[in-house]
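Please go through the points below with the model open.

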Amino acid sequence: MQVYITAIEEGFLYGLLALGIYISLRILDIPDLTTEGSFGFGSAVAASKGLSVTSFIAAFAAGVLAGIVTGLLQTKLKVHPVLAGIITMSGLYSINLMVRGSSNLNFNDNSAFTRFYKAVGISGADKKMAGLVIGAVICILVLILLIVFFRTHLGLCIRATGDNPDMVRASSINVDFSLIFGLALANGLIALSGALISHYLGLSDQSFSNGTLIYGLAAVIIGEAIFGKRNVALGLTSAVVGSVIYKIIVAFVIDVSLFG
């Protein structure tokens, strides 16, 4: 049972990654390959900035910066979206090493999660349930904020940019700004997910970001297979649900293979 509680907990923490990929892939209609770089960037920045709340803010800001760079490459230098993501991701590999100072950085049991458990007196198996609640609250809160945001004027402009940029441009809306803002938001969420995962595991490692793009795509596809493609609010929700389901499937496979 503990295996599945852990899977659900991680599913919510990775849910922010799925939300970021949903924004770039489904709302902006851009296959953004910055993901693995920004996830690792958020992890590295959170580890280097210490254990305060500001580490998460700094991680989000780092992801936003990565998204802006990718957006500028696409809009100002006219680089193909896929190539722009590859350039940013490749550059961030070296930057992440510089930020950490090494290939990995251990929090020595002083991560934000561990400190919270100690502060409220949680120990043993209760940590898993408490972590699940924390992950769910954070993910659901971000999900609600995103749903509200995409109903605002700027949010609708970003959605319209992904649907038909030529029509949006003809309506005197700044397409470049909408695209850059959307990519910045998406990568900010991905970096925040990287920071949360690092604090949850108590470790920031250069290899953490490997496969995150595939994971996020799988979460989005699984969610859409269940809920369909009806509207943005349902789409964002399905991405989070897909993330949790994916982790449960992986836990089930491991459980069956190890214990029969």
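1. Arg169 and Asp166 form a salt bridge through their side chains, at 3.3 Å from N to O; the term requires a side-chain nitrogen of Lys or Arg within 4 Å of a carboxyl oxygen of Asp or Glu. The two residues sit 3 apart in helix α9 (residues 165-170), so about one helical turn separates them. Helices here are DSSP runs (H or I, at least four residues) numbered from the N terminus. Arg169 is partly exposed at 46% relative accessible area, while Asp166 is exposed at 55%; buried means under 20%, exposed over 50%, and partly exposed in between (1.4 Å probe, protein chains only).

2. On provenance, this is a predicted model: local features need pLDDT of at least 70, side-chain atom pairs count only at pLDDT 80 or more, and totals for chains, interfaces and linings use all residues. Residues are numbered from 1 along each chain as its sequence is written, and side-chain values use heavy atoms, with hydrogens and water left out.

3. The whole structure has 4 salt bridges. One of them joins Arg26 to Glu224 at 2.6 Å, N to O. Arg26 belongs to helix α2 (residues 15-27) and Glu224 to helix α11 (residues 212-227), so this pair ties together parts 198 residues apart in sequence. Arg26 is partly exposed at 32%, whereas Glu224 is buried at 10%.

4. Lys76 and Asp176 also meet in a salt bridge, at 3.6 Å from N to O. Lys76 is in the loop between α4 (54-75) and α5 (81-100), and Asp176 is in helix α10, 100 residues apart. Lys76 is exposed at 53%; Asp176 is partly exposed at 22%.

5. Which residues touch the most other members of the largest nonpolar core? They are Leu19, Ile23, Leu146, Phe150 and Leu236, in a core of 53 residues. Helix α10 (residues 175-201) gives the most to this core, with 11 residues. A nonpolar core is a set of buried Ala, Val, Leu, Ile, Met, Phe, Trp, Tyr and Cys residues joined through side-chain atoms within 4.5 Å.

6. Thr35 lies in helix α3 (residues 35-48) and counts as buried at 1% relative accessibility. Its contacts (heavy atoms within 4.5 Å) include Leu17, Asn187 and Leu213, leaving aside residues up to four places away in sequence.

7. Val253, in helix α12 (residues 232-259), is partly exposed at 48%.
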